[in-house]
Amino acid sequence: MDAAALRAHLSDEEILELTYITAMYDMHAVMSRALRTEFDRLLSRRIAEGAEAGEFEAADAKIAALAIGGMISWAYTWHRPQGRLDLDGMGAEMARLALR
């Protein structure tokens with residue numbers, strides 16, 4: 001959609017608000033990506049350290065970090081508060097799986 005089409009349907013204030021929202025969304029996406037990358041890097045390093053110390057097995061620390069991070073990050077999509085496991089039970093099961 002070009003500027004003329006926007007002006008035909010939106011006021012200057014609405015265009016400014018839309019521009020602001022779009023810029024904030026882009027900034028949020030960049031910040032979220034940076035935080036996720038840092039989380040993955042730190043978790044990978046901790047996994048490698050734990051494997052080197054013999055605390056657990058991890059043939060590929062980076063893949064392990066991505067798998068564990070994904071397991072944690074997506075839990076909100078499938079966890080049900082009234083489900084079979086409460087948060088403590090779910091956390092314990094996820095830790096058991098991750099630390100194998």
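This is a predicted model: local features need pLDDT of at least 70, side-chain atom pairs count only at pLDDT 80 or more; totals for chains, interfaces and linings use all residues.
I started at Arg 46, which at 46% relative accessibility counts as partly exposed. I looked up what Arg 46 contacts and found a salt bridge with Glu 49, the closest N and O atoms being 3.5 Å apart. Both residues lie in helix α2, 3 residues apart, about one turn of the helix. Glu 49 has a relative accessibility of 39% and counts as partly exposed.

**Confidence.** I then checked the pLDDT. The mean for the protein is 87, and 99% of the residues reach 70 or more. Among the elements, helix α1 (residues 3–9) has the lowest mean, 76. Helix α3 (residues 61–73) has the highest, 91.

**Salt bridges.** How many salt bridges are there? I get a count of 4. Besides the bridge of Glu 49 with Arg 46, I followed up the two below.

Glu 38 forms a salt bridge with Arg 41, and I read 2.7 Å between the closest N and O atoms. The two residues are 3 apart in helix α2, about one turn of the helix. Glu 38 counts as partly exposed at 33% relative accessibility. Arg 41 also counts as partly exposed, at 42%.

Arg 36 and Asp 40 meet through their side chains in a salt bridge of 3.1 Å, N to O. I placed both in helix α2 (residues 12–52), where they are 4 residues apart, about one turn of the helix. Is Asp 40 buried or exposed? Asp 40 has a relative accessible area of 15% and is buried, because the cut-off for buried is under 20%. Arg 36, at 29%, is partly exposed.

**Aromatic rings.** I searched for aromatic pairs and found 1 in the structure. The pair is Trp 74 with Tyr 76, 6.1 Å centre to centre, with 20 degrees between the planes. Trp 74 counts as exposed at 52% relative accessibility. Tyr 76 counts as exposed as well, at 62%.

Notes
Residues are numbered from 1 along each chain as its sequence is written. Side-chain values use heavy atoms; hydrogens and water are left out. pLDDT is the predictor's confidence in each residue, from 0 to 100. Rings of Phe, Tyr and Trp (its six-membered ring) pair if their centres lie within 6.5 Å; planes under 30 degrees apart count as stacked, over 60 as edge-to-face and the rest as tilted. Buried means under 20% relative accessible area, exposed over 50%, partly exposed in between (1.4 Å probe, protein chains only).
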